[in-house]
Amino acid sequence: MKASYLDIKPINKRASGQAFEVILKAASPVSEVAHCVTTPPKRDISLEDIQKKLEAAEDRRKSQEEKVLRFLAEKREHERDVLLKAMEENSNFSRMAEEKLQMKMEQNEENRMAYLSAIMERLQEKVKNIKTKRFRKTQKKGR
């Protein structure tokens with residue numbers, strides 16, 4: 001289909017495809033196709049139509065506002081849930097850290113007491129050995 005206001009001529013064939021030259025012709029006063037653009041007739045708008053449109057717009061506005069408020073409420077609820085969960089996790093972490101520290105302190109105290117006990121035993125052994133040596137020396141002198 002070739003329109004009367006277009007003149008299309010092939011220029012030459014290329015490896016990448018075909019090139020065309022498109023020439024737009026001026027519209028002639030006697031054209032085959034009538035290019036009359038008419039606007040649709042304006043209809044009279046009644047007060048009822050205007051009120052209906054205003055009410056529909058108000059309903060849309062209210063609906064949109066309700067959606068936004070619902071979204072914000074859900075977001076606040078989610079933030080509250082996240083905050084509560086974070087607080088709970090923080091509390092659990094603190095409790096676990098405190099328990100771990102307490103166990104470590106108890107273990108250190110047990111190790112310290114065991115160390116002191118071992119030192120005391122060695123000291124008592126040395127004292128006992130010293131007393132035994134002194135006793136033997138005194139007995140050798142007394143013979």
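This is a predicted model: local features need pLDDT of at least 70, side-chain atom pairs count only at pLDDT 80 or more; totals for chains, interfaces and linings use all residues.
Reader: What makes up the chain, and in which order do the elements run from the N terminus?

Author: The protein chain has one helix and two strands. From the N terminus on, the order is β-β-α.

Reader: Why is lysine 133 called exposed?

Author: Its relative accessible area is 56%. Lysine 133 is placed in helix 1, which covers residues 47-142.

Reader: Which residues form a positive surface patch with Lys133?

Author: Arg134, Lys137 and Lys141 form this patch together with Lys133. Lys and Arg count as positive, which is why the patch bears that name.

Reader: Why does valine 68 count as partly exposed?

Author: The relative accessibility of valine 68 is 39%. Buried means under 20% and exposed over 50%, with partly exposed in between; valine 68 therefore counts as partly exposed. Valine 68 is also found in helix 1.

Reader: What makes the nonpolar surface patch that includes Val68?

Author: Val68, Leu69, Phe71 and Leu72 make this patch, with an area of about 360 Å².

Reader: How much of the chain counts as buried?

Author: Of the 143 residues, 1% count as buried, the term for a relative accessible area under 20%.

Reader: Which residues does UniProt list under "coiled-coil region", and what is the helix content there?

Author: The unreviewed UniProt entry lists residues 47-81 and 106-140. In the model, residues 47-81 are 100% helix and 0% strand, with end C-alpha atoms 50 Å apart. Residues 106-140 are likewise 100% helix and 0% strand, and their end C-alpha atoms lie 50 Å apart.

Conventions. Residues are numbered from 1 along each chain as its sequence is written. Side-chain values use heavy atoms; hydrogens and water are left out. UniProt positions are given in the numbering used here, feature names are shortened, and annotations may be inferred rather than shown by experiment. Helices (H or I, at least four residues) and strands (E, at least two) are DSSP runs, numbered from the N terminus. Patches are made of residues with over 30% relative accessible area and no salt bridge: like charges are joined within 9 Å, nonpolar side chains (Val, Leu, Ile, Met, Phe, Trp, Tyr) within 5 Å. Accessible areas come from the Shrake-Rupley method with a 1.4 Å probe; for residues, only the protein chains shown count as cover. A salt bridge is a side-chain nitrogen of Lys or Arg within 4 Å of a carboxyl oxygen of Asp or Glu. The place of a charge is taken as NZ of Lys, CZ of Arg, CG of Asp or CD of Glu. Buried means under 20% relative accessible area, exposed over 50%, partly exposed in between (1.4 Å probe, protein chains only).
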